[in-house]
Amino acid sequence: MKRADYISWDEYFMGIAILSGERSKDPNTQVGACIVGADNRILSVGYNGFPNGCSDELFPWAREGNELDTKYPFVAHSELNAILNYRGGNLEGTKLYVSLFPCNECAKAIIQAGIKTVIYDSDKYDGTPGNIASKKMFDAAGVEYRQYVHSGREIRLNV
């Protein structure tokens with residue numbers, strides 16, 4: 001008889017997204033993303049951080065101050081990194097699991113990449129202009145989005 005307590009696909013893929021976010025060196029916000037094909041195979045993952053070749057020691061991690069002294073003009077978001085990390089062709093019809101609802105810039109990339117479903121964990125910026133813009137673009141482009149429903153299951157890693 002098979003095990004009955006195995007994790008669901010949503011738990012698995014959101015877990016991969018959250019675990020990927022743990023690679024981020026951002027001291028304030030760690031976001032991870034996981035792109036999944038129709039056959040429930042992981043196609044790509046990403047996390048927020050500076051572009052390749054841009055030293056984590058030379059670029060700022062600050063959230064406030066003069067814009068060029070903050071992380072915002074330099075950090076690539078997890079969703080964009082997952083899209084850019086994919087080497088297999090097109091992402092048409094795929095699903096994206098992400099630990100934070102996508103910003104409006106990432107929403108554009110998601111739509112252009114052909115991703116059709118976004119499953120997100122936190123929507124902490126709900127109601128902000130960028131968040132409203134993301135949802136408006138997703139609605140117009142036919143991208144479905146839904147919040148991940150926590151099962152309450154605790155999964156431990158001992159690495």
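**Close-up views of the predicted chain**

Of the 159 residues of the chain, 38% count as buried; buried means under 20% relative accessible area, exposed over 50%, and partly exposed in between (1.4 Å probe, protein chains only). The model is predicted, so local features need pLDDT of at least 70 and side-chain atom pairs count only at pLDDT 80 or more, while totals for chains, interfaces and linings use all residues. Residues are numbered from 1 along each chain as its sequence is written, and side-chain values use heavy atoms, with hydrogens and water left out.

**View 1. The whole chain and its order of elements.** Four helices and five strands make up the chain; helices (H or I, at least four residues) and strands (E, at least two) are DSSP runs, numbered from the N terminus. Read from the N terminus, the order of elements is α-β-β-α-β-α-β-α-β. The C-alpha atoms fill a box of roughly 60 × 40 × 35 Å along the principal axes. Among contacts between residues at least 6 apart in sequence, 62% join residues at least 24 apart, a contact being heavy atoms within 4.5 Å. The accessible surface comes to about 9800 Å², and 51% of it belongs to carbon and sulfur atoms; accessible areas come from the Shrake-Rupley method with a 1.4 Å probe, and for residues only the protein chains shown count as cover.

**View 2. The largest nonpolar core.** A nonpolar core is a set of buried Ala, Val, Leu, Ile, Met, Phe, Trp, Tyr and Cys residues joined through side-chain atoms within 4.5 Å. The largest one has 20 residues, of which Ile-83, Leu-96 and Ile-115 touch the most other members. Two or more residues of this core come from each of β1 (32-36), α2, β3 (95-100), α3 (104-113) and β4. Helix α3 gives the largest share, four residues. Beyond its neighbours within four places in sequence, Ile-115 is in contact with Ile-35, Ile-83, Leu-91, Thr-94, Lys-95, Leu-96, Ile-110 and Val-143. Another core, of eight residues, lies apart from the largest one and includes Phe-13, Met-14, Tyr-97 and Ile-119.

**View 3. Thr-117 in strand β4.** Thr-117 lies in strand β4 (residues 117-122). Thr-117 counts as buried because its relative accessibility is 16%. Residues up to four places away in sequence aside, Thr-117 touches Thr-94, Lys-95, Leu-96, Val-143 and Glu-144.

**View 4. A buried lysine in a loop.** Lys-71 sits in the loop between β2 (42-47) and α2 (78-85). With a relative accessible area of 6%, Lys-71 is buried. Its contacts, leaving aside neighbours within four places in sequence, are Asp-26, Asn-28, Thr-29, Pro-60, Trp-61, Ala-62 and Arg-63.

**View 5. The salt bridge between Glu-11 and Arg-153.** The structure holds 10 salt bridges; a salt bridge is a side-chain nitrogen of Lys or Arg within 4 Å of a carboxyl oxygen of Asp or Glu. In one of them the side chains of Glu-11 and Arg-153 meet, at 3.1 Å from N to O. This pair links distant parts of the chain, 142 residues apart: Glu-11 is in helix α1 (residues 9-21), and Arg-153 is in the segment after β5 (144-147). Glu-11 is buried, at 8% relative accessible area, whereas Arg-153 is partly exposed, at 39%.

**View 6. Further salt bridges.** Arg-3 and Asp-5 form a salt bridge with the closest N and O atoms 2.9 Å apart. Arg-3 counts as exposed at 55% relative accessibility, and Asp-5 as partly exposed at 48%. Arg-156 pairs with Glu-154 in a salt bridge, their closest N and O atoms being 2.7 Å apart. Both Arg-156 and Glu-154 are exposed.

**View 7. A nonpolar surface patch.** Ile-7, Trp-9, Tyr-12, Ile-42, Val-45 and Ile-155 make a nonpolar surface patch of about 510 Å². Patches are made of residues with over 30% relative accessible area and no salt bridge, like charges being joined within 9 Å and nonpolar side chains (Val, Leu, Ile, Met, Phe, Trp, Tyr) within 5 Å. Elements α1 and β2 each give two or more residues to the nonpolar patch. Tyr-12 is placed in helix α1 and counts as partly exposed, at 35% relative accessibility.
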